[in-house]
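Please keep the sequence and the model open while reading.

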Amino acid sequence: MVLIWIGMFAGFGGDIAKKYEHAQGFRYPLIVHVHAAAYVGWMVLQTLQIVLIKTGRYSAHKVLGYLGIGLLCFMLVVGPWAEIDFERRTLGEPGAKTAFMVIALSGVVMFGALATAGVWLRRSPEAHKRLMMLALISITTAGYGRWLTRPILGGLEHLGVSPGFLTFWLAFNAAPIVLTGMIALRDVVVYRRLVPAFVWGTVFMICVQLLSAWIYFLPEWKAFAERWVGG
């Protein structure tokens, strides 16, 4: 959790500071504030849930879990809403990246599916906690990707690796790959095995990441996204 918090603050803190530096203050659209509050709220909630389990307060963990289900449903609405609103406001501006919408929306798909599976399997502690961690990891690209992607792509190009959807996938999802690998390594070392739900969750996450990266590079997708956003 500490690494996730650091990555998110490093990513969004820089953007906020840059916006304020350019005399724009914090005048973000309301939906952006709501979106940010919801996703930060999820991180806070998951942090509290871990603390409650570590301290043996299982009843409180269960009660907060019901709150989490409501917040999950809310996030699955405000996430796409905020992304589409942003793309509509920036459409046609220099540097607009409407095609990136598929990456952002795929994050919502991964998060929603993994968190829902985690809730569904809440009676299996091993599966539940790993799926909830994967759900949280799936949205870390929103923070980590903002400051890790370009340096990694630059390093790969320096090594002579041609840019493409695979290199983009690797660079943009570097943090989720490492964080997921850390969980896998811990399970293998401590328990000598991998939990099946974790394996399937990881495979699902990687497949969605790869598919969205491939779509992102399709010229047809960019044209379609611009038409769709533009109404």
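**Exercise 1.** Which residues of α4 and α5 meet, and how are the two helices oriented to each other?

*Solution.* Gly107, Met110, Phe111, Leu114, Ala115, Ala117, Gly118 and Val119 in α4 meet His128, Leu131, Met132, Leu134, Ala135 and Ser138 in α5, where contact means heavy atoms within 4.5 Å and helices are DSSP runs (H or I, at least four residues) numbered from the N terminus. By class, this contact has 10 nonpolar, four polar and no charged residues; Ala, Val, Leu, Ile, Met, Phe, Trp, Tyr, Cys and Pro count as nonpolar, Asp, Glu, Lys and Arg as charged, and the others, Gly among them, as polar. The model is a predicted one, in which local features need pLDDT of at least 70 and side-chain atom pairs count only at pLDDT 80 or more, while totals for chains, interfaces and linings use all residues. Residues are numbered from 1 along each chain as its sequence is written, and side-chain values use heavy atoms, with hydrogens and water left out.

For the geometry, the axes of α4 and α5 come within 8 Å and cross at roughly 165°, the axes being lines fitted to C-alpha atoms over the stretch in contact, with angles from 0 to 180 degrees between N-to-C directions. The two helices are therefore roughly antiparallel, a term for angles over 145 degrees.

**Exercise 2.** Is Leu114 buried or exposed, and what is it in contact with?

*Solution.* Leu114 has its place in helix α4 and is buried, with a relative accessible area of 3%, the cut-off for buried being under 20% with a 1.4 Å probe and protein chains only. Leaving aside neighbours within four places in sequence, Leu114 is in contact with Leu131, Leu134, Ala135, Ser138, Gly201, Phe204 and Met205.

**Exercise 3.** At what angle do α5 and α9 pack, and which residues make the contact?

*Solution.* Helix α5 (residues 125-138) and helix α9 (residues 196-216) pack at an angle of about 20°, with their axes 9 Å apart. That makes α5 roughly parallel to α9, the term for angles under 35 degrees. The contact is made by Ala127, Arg130, Leu131, Leu134, Ile137 and Ser138 of α5 together with Ala197, Phe198, Gly201, Thr202 and Met205 of α9.

Conventions:
Angles under 35 degrees count as roughly parallel, over 145 as roughly antiparallel, 65 to 115 as roughly perpendicular and the rest as oblique. Buried means under 20% relative accessible area, exposed over 50%, partly exposed in between (1.4 Å probe, protein chains only).
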